[in-house]
Amino acid sequence: MTTVAEVSIDRAEDRHRRRWHILVFLAPALLVYTAVMILPLIETLRLSLFNVKDNQSFFVGFGNFQVLFGDPRWAASFWNALRNNFVFFLIHMLVQNPIGVALAALLSVPKLRFGAFYRTAMFLPTLLSFVIVGFIWKLILSPIWGVSPFLLDLVGLKSLFSPWLGKPGSALIAVSLISVWQYVGIPMMLIYAAMLNIPEEVLEAAECDGVTGWSQFWKIKLPLILPSIGIISILTFVGNFNAFDLVYTVQGALAGPDGATDILGTLLYRTFFGFQLQIGDKSMGATIATVMFLIILSGVCLYLFAIQRRMRRYQF
């Protein structure tokens with residue numbers, strides 16, 4: 001007969017074997033993630049504490065950060081890029097995400113016809129290359145050969161047309177709205193999936209109480225999808241402060257006109273690799289990358305420890 005102690009030992013050995021089994025399957029992904037993400041991050045943080053002179057690297061501590069925030073030239077470029085980045089993020093938060101929630105609410109209507117077609121059409125731009133999106137929108141908004149003046153003329157609004165991408169006051173808004181057009185499908189699909197996950201019993205109980213239509217959305221559905229909205233918000237924050245590709249495609253590395261669309265990603269690119277007459281500076285580029293990392297880390301920690309805890313009560 002098997003004793004209780006032998007059974008406990010066998011169970012412990014089984015758990016030990018299962019743990020090694022899991023590690024074997026996690027090892028390839030862990031190695032790739034470490035090589036692609038962790039090690040470059042550590043090297044970037046290390047490089048920001050060093051400087052290079054006469055091909056010799058020497059430790060300067062926080063000297064590069066003092067230059068970034070203290071030197072008038074560097075400080076002006078950095079604060080301009082950071083301010084533009086916040087505007088870029090706010091436009092996505094105030095335009096992209098509300099539109100995504102509204103589209104998801106419309107697509108979740110049970111009697112909606114051609115719902116699958118609408119979902120596919122609205123999500124399709126997110127699958128396009130940013131190079132294609134940027135080039136197409138440059139053609140559309142061009143005052144010389146673009147179709148925008150013609151389309152506005154058809155509805156009698158040609159007087160409202162302006163070279164939005166070429167004016168400092170409107171260039172950043174125009175680029176942000178192009179990005180909104182491309183990526184609005186992501187919050188739409190995430191919110192749509194969250195709405196489908198709401199138990200039917202809750203909605204049926206609301207209908208029995210006379211809560212239907214948009215009243216049901218505001219009083220029942222919206223509070224239940226707040227955790228998903230929080231996740232979308234933090235993903236928007238991380239994505240926007242990592243943004244580079246669309247701005248580079250539409251406005252180039254200089255992020256014109258006159259730095260009006262310059263964000264941290266384009267500033268990092270010019271600083272690290274150099275551009276035209278500007279010589280690349282790896283140490284200062286790593287310093288800007290480190291500041292970007294700290295900004296993103298602060299936003300994520302704020303969400304995880306201050307916001308997500310308050311939203312858990314809405315989760316099933």
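The bend at a residue is the angle between axes fitted to the seven residues ending there and the seven starting there. Helices are DSSP runs (H or I, at least four residues; strands are E, at least two), numbered from the N terminus. By that definition, α3 bends by about 30° at His92. The model is predicted: local features need pLDDT of at least 70, side-chain atom pairs count only at pLDDT 80 or more, and totals for chains, interfaces and linings use all residues. Residues are numbered from 1 along each chain as its sequence is written, and side-chain values use heavy atoms, without hydrogens and water.

Helix α3 holds 36 residues, 72-107. Asp71 caps the N-terminal end of α3. A side-chain oxygen of Asp71 lies 3.0 Å from the backbone nitrogen of Arg73.

Helix α8 covers residues 185-196. The axes of α3 and α8 (lines fitted to C-alpha atoms over the stretch in contact) come within 8 Å and cross at roughly 45°. That makes α3 oblique to α8; angles under 35 degrees count as roughly parallel, over 145 as roughly antiparallel, 65 to 115 as roughly perpendicular and the rest as oblique. The crossing is right-handed, meaning that the near helix is turned clockwise from the far one by less than a right angle.

An unreviewed UniProt entry lists residues 171-193 and 284-306 among its transmembrane regions; such annotations may be inferred rather than shown by experiment. Residues 171-193 are 96% helix. Residues 284-306 are 100% helix.

Key
The expected span of a helix is 1.5 Å times one less than its number of residues. A polar contact is a pair of N or O atoms within 3.5 Å; within protein, one must be able to donate a hydrogen and the other to accept it, and residues adjacent in sequence count only if both atoms are side-chain atoms. Axes are lines fitted to C-alpha atoms, for helices over the stretch in contact, and angles run from 0 to 180 degrees between N-to-C directions.
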